[in-house]
Amino acid sequence: MQSWRGQVVPVRGQKYIIGAMSSLSLYAGPRAMQQIRADGLQPEQFKVMAGASGGPKWFVLYGLDRYLFGEFFANREDGLATLGSSAGAWRLACLATDEPVASIDRLASLYSSEQYSAHPTAEEVTSKARVMLRRVLGSNGGRQLVDNKRIKTHIIADRCRGFLSYDSQPLLVAGLALAAVSNLASRRTLKFYFERAVFNNHAHACELTSLTDIKTLDIKLTEHNVFDALIASGSIPFALEGVRDVDGGPKGLYVDGGITDYHFDVPFHSNDGLVLYPHFYPRVVPGWFDKHLKWRRVVTHYYDNVLLVVPSAHFIASLPFGKIPDRQDFRKLDYQTRVEYWQQVLQESQRLADDFSQLVESGKGLNDIRPFSPVQ
């Protein structure tokens, strides 16, 4: 046993039982609510799966990802579009490989055990991320993702504009500060600093290019740019290096897609099917600069057809430290404590898969789905 701040929790494989209370909370827009209550949960209902930015927060969804990749969507024959930024893009890239469960297992194992020097540079973190992603997808994973006709992958990164595009730390600091201040007035001001780059593996025009909030680029994924696209999508300023001149796209510096699309404020409702969105929290934050802006909300009707699946407050309270992992753990915890904590969360995340599977198989609990609201 190990104690985190006075809370005794099991370590290394022991099951923590919380009784009958579900590990999940579900929120749905009106169209999704009506259809799910009428027909239950069926994989064919969902035309899109979304994965948000959030770094190691995604560990809490690992067990659910394994179930969705390996069982729920395993025998699906029609197309499934995926939309991801940063860590969400990395997760959903695994789904597009020939062995998605093995890929997501490698991502969880390698990401949770990554070790850096005492004061890692962006160059060190970027180099290790590149090695990790190649190991995660395997020798043929990039080609499998690009050629996959069933999983229509969309990876969001941001192309910098103006002086943000120069390789200068002072200009980057100044540019991000200006973007943050401008964003206080309107998210639309981000168009002066960034362009949304959507890397995708399908032949037809990307629907997201019709967005008018920020200029959106349609860039096709190839074997030559797939890893650059994934790295760019997760290139958090100052933590990782951006990617310059990604093959197939306009020249420039590409950085973290979460800056413009942290949790997505996009018209999901225009799709004729439902959207499955496993997420960390009930609250959906449009962009990276909006994290502390309580008044900044997504457009409510964009989520009319979205099912948001999140860990319940009771489940989160049962975890070490009473929270899900986050990037601050790198700074606040020593390596051994961090790895044990993250491994515990990965193990406990299986409860989300078990509870979601029960909802699929029995339908019991679907009446407890709550209406989606941008203020949760």
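**Close-up 1. The salt bridge between Asp290 and Arg187.** In this predicted model, Asp290 and Arg187 form a salt bridge in which the closest N and O atoms are 3.7 Å apart. The pair joins distant parts of the chain, since Asp290 belongs to the loop between β11 (274-278) and β12 (306-311), while Arg187 belongs to the loop between α7 and β7 (194-200), the two being 103 residues apart. Asp290 counts as buried, at 0% relative accessibility, and Arg187 is likewise buried, with a relative accessible area of 9%. Both residues are also part of a network of salt bridges that links Arg187, Arg196, Asp213, Asp261, Asp290 and Arg296. By the rule applied here, the count for the model comes to 19 salt bridges.

Close-up 2. Asn183 lies in helix α7 and, at 1% relative accessibility, counts as buried. When its neighbours within four places in sequence are left aside, Asn183 is in contact with Thr189, Leu190, Phe289, Asp290, Leu293 and Arg296.

**Close-up 3. The salt bridge between Arg91 and Asp65.** Arg91 forms a salt bridge with Asp65, and the closest N and O atoms of the two are 2.8 Å apart. Here too distant parts of the chain are linked, with Arg91 placed in helix α3 (residues 87-95) and Asp65 in helix α2 (residues 62-72), 26 residues apart. Are the two partners buried or exposed? Arg91 is buried, with a relative accessible area of 0%, and Asp65 is buried as well, with a relative accessible area of 0%.

Close-up 4. Leu107 is found in helix α4 (residues 100-113) and counts as buried, at 0% relative accessibility. Apart from neighbours within four places in sequence, Leu107 is in contact with Trp58, Trp90, Arg91, Cys94, Ser112, Met132 and Val136; among them, Arg91 is the residue that forms the salt bridge with Asp65. For a sense of scale, the C-alpha atoms of Leu107 and Lys251, which are 144 residues apart along the chain, are separated by 30 Å.

**Close-up 5. The packing of helix α3 with helix α5.** The axes of α3 and α5 come within 10 Å and cross at roughly 25 degrees. Angles under 35 degrees count as roughly parallel, and α3 and α5 are therefore roughly parallel to each other. The contact is made by Trp90, Ala93 and Cys94 of α3, together with Ala129, Met132, Leu133, Val136 and Leu137 of α5. By class, the residues of this contact divide into eight nonpolar, no polar and no charged. Trp90, Cys94, Met132 and Val136 were already named among the contacts of Leu107.

**Close-up 6. The crossing of helix α5 and helix α8.** The axes of α5 (residues 122-137) and α8 (residues 226-233) come within 10 Å and cross at roughly 125 degrees, which makes α5 oblique to α8. The crossing in which α5 passes α8 is right-handed. On the side of α5 the contact is made by Thr126, Ala129, Arg130, Leu133, Arg134 and Leu137, and on the side of α8 by Phe227, Asp228, Leu230 and Ile231. By class, this contact has six nonpolar, one polar and three charged residues.

**Close-up 7. The salt bridge between Asp167 and Arg244.** Asp167 forms a salt bridge with Arg244, with the closest N and O atoms 3.2 Å apart. The pair links distant parts of the chain, for Asp167 is in the loop between β6 (151-160) and α7 (169-185), whereas Arg244 is in strand β9 (residues 243-244), 77 residues apart. Asp167 is exposed, with a relative accessible area of 66%, while Arg244 counts as partly exposed, at 34% relative accessibility.

Close-up 8. Thr153 is found in strand β6 and, at 1% relative accessibility, counts as buried. Which residues does Thr153 touch, not counting residues up to four places away in sequence? The partners are Thr82, Ala96, Leu145, Phe199, Asn200, Asn201 and Leu221.

Note on methods
Residues are numbered from 1 along each chain as its sequence is written. This is a predicted model: local features need pLDDT of at least 70, side-chain atom pairs count only at pLDDT 80 or more; totals for chains, interfaces and linings use all residues. Side-chain values use heavy atoms; hydrogens and water are left out. Axes are lines fitted to C-alpha atoms, for helices over the stretch in contact, and angles run from 0 to 180 degrees between N-to-C directions. Helices (H or I, at least four residues) and strands (E, at least two) are DSSP runs, numbered from the N terminus. Angles under 35 degrees count as roughly parallel, over 145 as roughly antiparallel, 65 to 115 as roughly perpendicular and the rest as oblique. A crossing is left-handed if the near helix is turned anticlockwise from the far one by less than a right angle, and right-handed if clockwise. Contact means heavy atoms within 4.5 Å. Ala, Val, Leu, Ile, Met, Phe, Trp, Tyr, Cys and Pro count as nonpolar, Asp, Glu, Lys and Arg as charged, and the others, Gly among them, as polar. A salt bridge is a side-chain nitrogen of Lys or Arg within 4 Å of a carboxyl oxygen of Asp or Glu. Buried means under 20% relative accessible area, exposed over 50%, partly exposed in between (1.4 Å probe, protein chains only).
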